[in-house]
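Subject: Structure handover and notes

Dear colleague,

Please find below the structure that I promised to pass on to you.

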Amino acid sequence: MSTTLLLVRHGQTVWHAENRYAGISDIDLTDTGRTQAEALGRWAAAHPVDAIWTSPLSRAVATAEPACRALGLTSQSEPHLRECDFGVLEGRTLAEFEAEDPEWAAAYRSDPVEHSFPGAEDPLAAAARGVRALREIAAAHPGERVLVVAHNTLLRLVLCTLLSIPVGEYRRVLPRLRNAAISELRMNPDGSAALLSLNVPCETDVP
């Protein structure tokens, strides 16, 4: 029996508003991010789910909280849903890094998997742990609808892996997951997946 996973990137944070890489850094939501989380809560009230799973990072937990409140659920934490570690880019913009090392920045733009940032987590390893986490969540909720709140880069790596898209193309094929938007994924018992929708805003008037 297949499981419906409703994948959500957390709400906006201070660093993301400035286009800074947050990664494993635990950064709070902005007021806009909290507004996005409340919109997700209203969406969940109108489109109930059976369970809610999140990354352990506080920005994901806080984004899921209004949905938990609306449905009377308690979110479950999955450590393998945490964002990638971006190494030297944690807390910095790509432009700042490019000013220091233009050759590496150019190589990263060309293939972000083959030329990930110095000190960063291997993107293929991140993709593997994320895929494993989603498959385990789906197996625990056969036939159910599950809200999964995680992170922009991790989810893009996972989607590429599950959909047989070369992982090194993730920045080109999936430029950005919008904050608190819904991507619907059908996970089948054999571990395969089908993408049913991508980046659908939970409310059209929310940034």
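Is Gly-130 buried or exposed? Gly-130 is buried, with a relative accessible area of 1%, where buried means under 20% relative accessible area, exposed means over 50%, and partly exposed lies in between, calculated with a 1.4 Å probe on protein chains only.

Before going further, please keep in mind that this is a predicted model, in which local features need pLDDT of at least 70 and side-chain atom pairs count only at pLDDT 80 or more, while totals for chains, interfaces and linings use all residues. Residues are numbered from 1 along each chain as its sequence is written, and side-chain values use heavy atoms, with hydrogens and water left out.

To return to Gly-130, this residue lies in helix 6, and here helices (H or I, at least four residues) and strands (E, at least two) are DSSP runs numbered from the N terminus. Not counting residues up to four places away in sequence, Gly-130 touches His-80, Leu-154 and Val-158, a contact being heavy atoms within 4.5 Å. The C-alpha atoms of Gly-130 and Pro-79 are separated by 9.4 Å, although the two residues are 51 residues apart along the chain.

Two of the residues touched by Gly-130, Leu-154 and Val-158, are also among the buried residues of helix 7. Helix 7 (residues 152–162) has 10 of its 11 residues buried, so it is largely enclosed by the rest of the structure. What covers these buried residues includes helix 6 (123–140), helix 8 (170–173) and strand 6 (193–200), together with strands 1, 4 and 5. Just after helix 7, Ser-164 takes a positive phi of about 60°.

Next come the annotated positions. The unreviewed UniProt entry has an "active site" annotation that covers His-10 and Glu-83, and such annotations, given in the numbering used here and with feature names shortened, may be inferred rather than shown by experiment. Although these positions are spread over 74 residues of sequence, they cluster in space, with a largest C-alpha distance of 10.7 Å.

His-10 lies in the loop between strand 1 and helix 1 (14–17), and it is buried, with a relative accessible area of 1%. Leaving aside neighbours within four places in sequence, the contacts of His-10 include His-16, Arg-59, Val-149 and His-151. Glu-83, for its part, is placed in the loop between strand 3 (76–77) and helix 4 (94–100), and it is buried as well, with a relative accessible area of 5%. With neighbours within four places again left aside, Glu-83 is in contact with residues including Arg-59, Glu-121, Arg-129 and His-151.

The side chain of Arg-59 reaches the backbone oxygen of Ser-25 at 2.6 Å.

Helix 2 (residues 31–46) has 16 residues and reaches 23 Å from its first C-alpha to its last, close to the 22 Å expected at 1.5 Å a residue, the expected span being 1.5 Å times one less than the number of residues. Among the buried residues of helix 2 are Gly-33, Gln-36, Leu-40 and Trp-43, and what covers the buried residues of this helix includes strand 1 (3–9), helix 3 (58–71), strand 4 (145–150) and strand 5 (182–187). Gln-36 counts as buried at 2% relative accessibility, and its side chain reaches the backbone nitrogen of Gln-12 at 2.8 Å.

Finally, how many disulfides does the structure hold? It holds 0 disulfides, a disulfide being a pair of cysteine sulfur atoms within 2.5 Å. The sulfur of Cys-68 is 14 Å from the closest cysteine sulfur, in Cys-202, which is too far for a bond. Cys-68 is buried, with a relative accessible area of 9%, and Cys-202 is also buried, with a relative accessible area of 14%.

With best wishes

Terms used
A polar contact is a pair of N or O atoms within 3.5 Å; within protein, one must be able to donate a hydrogen and the other to accept it, and residues adjacent in sequence count only if both atoms are side-chain atoms.
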